[in-house]
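Subject: Structure for your review

Dear colleague,

Please find the structure below, followed by an account of what was found in it. I would be grateful if you could read the two together.

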Amino acid sequence: MAAATPEDLEMLGDAGRAWVRERAPVSLLRRVREQHGDLGYDPEIYAEMAAMGWAGMLVPEAYGGHDFGFQGMGRLVEELGRTLTPSPLIASAVGAVSALLLVGSEAQKQQWLPRLASGASVGVLALDEGPHQRAEDLALTASRSGDGWRLNGLKRPVEAGMGADLLIVAARSDGAPGEARGLSLFLCDPAAPGVERHALSQIDSRAAAVVRFDQVALGPGQLLGEADAAQGVLEQILDRARAVVAAEMLGSMQEAFDRTTDYLKTRKQFGRLIGSFQALQHRAVGLAAEIELARSAVYGALAALDAGAEDVPLRVSVAKAVAGRTFNHVAREMIQMHGGIGMTEEHDAGLYLKRAHTADIFGGNVAYHRDRFGKMIGV
Amino acid sequence: MIGDLDTFRFEVRDWIEANFPPSLCGLAPLTNPTEATERHESPDYHQWVDAVGAKGWGVPTWPAEYGGAGLSAAHADVLAQEFSRADAFNPIAGLGVMMLGPTVLEFGTEEQKRRHLPPIARNRIRWCQGFSEPGAGSDLASLQTRCEDRGDHWLINGQKIWTSFAHISDWCFCLVRTDTTRKQGGITFVLIDMRTPGVEARPIKLINGASHFCELFLTDVETPKSETLGEVNGGWAVAKRLLQHERTGLSARKATLDLASLARDYVGLDAGGRLRDGDLRQRLLDHLVTDHAFGQTMARRTAMLELGAPNPPALSILKNLGSRVSQDRGDLAVEILGNRSFGWAGEDYSELELGVVHDWLYGKCFSIYGGSQEIQNNITAKQVLGLPDQ
């Protein structure tokens with residue numbers, strides 16, 4: 001994948017920032033909650049994003065994309081994160097695209113990548129089942145049937161699942177829950193007989209889906225990659241999505257922090273600006289330092305992905321762990337330092353706290369990645 | 001330009017091959033004189049210091065007339081890469097190179113540059129820093145060491161403290177008070193020859209049983225006025241610049257201890273391959289994740305400086321992160337060692353165990369010296385975040 005130059009990245013950041021200011025302020029999230037509660041995003045807004053080429057950032061030119069790399073995608077998503085912009089961009093243009101790029105057949109890539117890159121289709125990963133990310137515990141079954149397969153089971157939550165016209169389903173084709181082996185990936189049409197879905201009402205207003213599979217019949221061409229051997233590739237797909245979500249979290253925590261320091265510079269109590277109190281100053285400085293660490297870890301993971309480095313899993317776990325820890329910390333301090341106004345529905349602070357929580361848990365939370373990092377370094 | 005760099009690279013490579021004593025392979029330069037090993041005291045080491053010093057490659061970007069080599073940053077990078085490639089190192093180190101030299105380059109007169117910089121470039125003179133006083137720690141500008149105008153020279157009286165290596169240094173850069181009516185505006189930056197009558201240094205013993213810190217007594221010390229760096233009563237601005245160089249050096253502290261391997265040895269793994277103490281494991285991993293992100297932050301800062309990118313991570317933030325990471329490493333290391341961390345001396349403890357304990361104790365000063373953690377936070381709040389004074 002072509003790595004973007006620092007100038008490219010700056011350009012992308014500027015373009016993203018300008019568009020977000022104009023088209024996707026935090027009020028967009030509030031509007032989506034009112035008007036698109038069952039979808040979790042505004043399809044017209046996603047069409048605009050796709051029209052600017054953003055859904056094709058990771059797609060090679062041969063399939064209608066720009067092949068711009070993870071650092072480019074990260075810079076863009078960072079800007080979207082600043083205003084908590086709801087969209088299926090990460091689910092589709094990172095998650096689904098990565099699955100197809102990593103293990104898709106030529107026919108599967110031809111069929112789907114141009115549509116995902118143009119935004120004509122939305123693809124999503126249907127992975128999680130239980131309350132925690134543990135791929136080895138997956139129980140949704142794929143049983144052989146003729147030359148094809150039948151899916152039975154339940155997926156929740158499926159990020160951006162209500163707007164998807166392509167589900168990439170992780171299923172157990174062999175072995176028992178608890179075993180890492182025996183997993184396969186499938187391409188599934190959500191309109192196929194036996195697939196049923198409804199929206200979850202979520203704190204972050206993103207309306208992930210519950211998707212039920214009841215004797216869903218799939219042809220042999222719908223197997224994505226090798227049967228019974230998806231565990232490794234699943235981690236690769238997830239690492240890509242995790243790194244980009246961490247970039248989104250970076251943008252969100254930076255915005256939450258900037259708004260908080262702005263408040264410290266304007267709010268007066270006891271006849272002085274509260275930002276002049278050393279107790280608050282030192283807490284703000286602590287947050288600034290944590291954000292520097294998160295920024296470095298996120299950029300390091302994205303650069304490692306672009307370079308195809310061997311230590312991608314390690315760097316992604318560091319990035320996701322530091323981003324999760326820091327975004328949650330910043331969001332809590334945002335509310336505390338704003339005082340009562342920060343607790344109100346009218347103020348945006350609560351929106352950042354809610355997203356900090358769901359983004360941390362997506363793709364494995366702080367504890368998950370700390371443990372994964374520990375296994376990688378042998379402790 | 002690229003061709004020029006390539007030519008230079010091969011020139012450096014040949015020169016290192018011809019001049020670097022193989023006996024010094026893999027050695028680190030001697031920055032702390034109390035940590036000298038046999039190899040640091042060998043004739044080969046001195047020969048290497050002289051050879052690099054003569055080329056001006058210890059301070060490659062300084063102008064040649066002041067003992068440097070007048071190289072561009074890109075050429076200096078090539079030089080560093082070639083040292084590293086040959087498992088060699090730059091032996092020109094210490095406070096002179098790190099702090100005083102860049103400050104003299106910025107504030108010194110032509111005569112001062114010609115007098116003081118070449119000996120630093122050749123590692124001939126060891127410098128120490130006379131800033132803190134018993135009554136002026138975090139509030140450095142309240143320093144009281146008196147400096148009186150006696151016509152052609154200054155007469156200096158006072159006491160300094162925490163002066164690293166004062167007892168074995170040749171010169172001291174010192175902050176003194178030339179005007180008692182103004183605080184910051186009454187401070188002057190002077191350079192003092194440690195052989196001057198009235199200069200006395202006494203080492204201070206710290207909680208780890210040793211230290212390179214000293215008390216420095218200045219009694220009727222006469223110093224030529226030509227050793228004033230910057231304007232009279234303008235020393236505070238000079239000191240602030242110099243302290244930035246200090247923070248650059250302090251935050252660059254590197255991990256030398258592999259905690260993961262220490263934990264495997266002293267705590268052990270369970271059947272699942274995890275550390276047997278789950279509580280310790282969680283805290284250890286939290287630290288190692290932070291340490292990893294800190295390493296990437298230092299690398300990001302370096303890359304941004306090379307590119308001239310705006311807003312690299314602030315030094316006042318990095319200094320605190322660096323000391324926190326180092327102190328956490330020490331705290332975890334003694335916890336990992338268990339009762340093997342009780343050792344003060346003797347054969348019953350391994351060299352590694354004793355080293356871990358003494359480093360842990362000494363490390364408590366990281367968040368105090370060079371501007372305490374709290375002072376760094378004040379600097380960040382005002383200068384980086386722009387938070388108000390009142």
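**Chain B: overall picture**

Of the 390 residues of chain B, 49% count as buried, where buried means under 20% relative accessible area, exposed means over 50% and partly exposed lies in between (1.4 Å probe, protein chains only). Please note that this is a predicted model, in which local features need pLDDT of at least 70 and side-chain atom pairs count only at pLDDT 80 or more, while totals for chains, interfaces and linings use all residues. Residues are numbered from 1 along each chain as its sequence is written, chains are lettered from A and ligands numbered from 1 in the order in which they are written, and side-chain values use heavy atoms, with hydrogens and water left out.

Chain B has eleven helices and eight strands; helices (H or I, at least four residues) and strands (E, at least two) are DSSP runs, numbered from the N terminus. The domain assignment divides chain B into domain 1 (5-93), domain 2 (127-233) and domain 3 (252-384), with bounds that come from an automatic or database domain assignment. Between the C-alpha centres of domain 1 of chain B and domain 2 of chain B there are 32 Å.

Along the principal axes, the C-alpha atoms of chain B fill a box of roughly 80 × 55 × 50 Å.

Of the contacts in chain B with a separation of 6 or more, 68% are between residues 24 or more positions apart; contact means heavy atoms within 4.5 Å. Chain B exposes about 18300 Å², and carbon and sulfur atoms supply 51% of that area. Accessible areas come from the Shrake-Rupley method with a 1.4 Å probe, and for residues only the protein chains shown count as cover.

The 39 positive and 50 negative charges of chain B have mean positions 4 Å apart. Lys and Arg count as positive and Asp and Glu as negative, while His and the chain ends are not counted. Each charge is placed at NZ of Lys, CZ of Arg, CG of Asp or CD of Glu.

**Chain B: individual residues**

B:Asn311 sits in the loop between α8 (278-307) and α9 (315-337) of chain B. Phi of B:Asn311 is positive, near 55°, although the residue is not a glycine. With 70% relative accessibility, B:Asn311 counts as exposed.

B:Gln327 belongs to helix α9 of chain B and counts as buried at 14% relative accessibility. Leaving aside residues up to four places away in sequence, B:Gln327 touches B:Gly363, B:Lys364, B:Cys365, B:Phe366 and B:Ser367.

B:Thr196 is in the loop between β5 (187-193) and β6 (199-203) of chain B. This residue is buried, with a relative accessible area of 16%. Again leaving aside residues up to four places away in sequence, B:Thr196 touches B:Val221 and B:Glu222.

**Chain A: overall picture**

Chain A comprises eleven helices and ten strands. Of its 379 residues, 58% are buried. Its radius of gyration is 21 Å, in agreement with the value near 21 Å for a compact globule of 379 residues. The C-alpha trace of chain A spans about 80 × 50 × 40 Å along its principal axes.

Among contacts in chain A with a separation of 6 or more, residues 24 or more positions apart account for 74%. The mean positions of the 38 positive and 47 negative charges of chain A lie 6 Å apart.

**Chain A: individual residues**

A cis peptide bond, with omega about -10°, joins A:Arg156 and A:Pro157. A:Pro157 is part of strand β3 (residues 148-158) of chain A.

A:Leu84 lies in the loop between α4 (69-82) and α5 (89-103) of chain A. Phi of A:Leu84 is positive, about 60°, although the residue is not a glycine. The relative accessible area of A:Leu84 is 2%, so the residue is buried.

A:Glu226 is in the loop between β8 (223-224) and α7 (231-264) of chain A and counts as exposed, at 63% relative accessibility. The C-alpha atoms of A:Glu226 and A:Arg355 are 35 Å apart, and the two residues are 129 residues apart along the chain.

With kind regards

Notes: Rg over C-alpha atoms; globule rule 2.2 N^0.38 Å.
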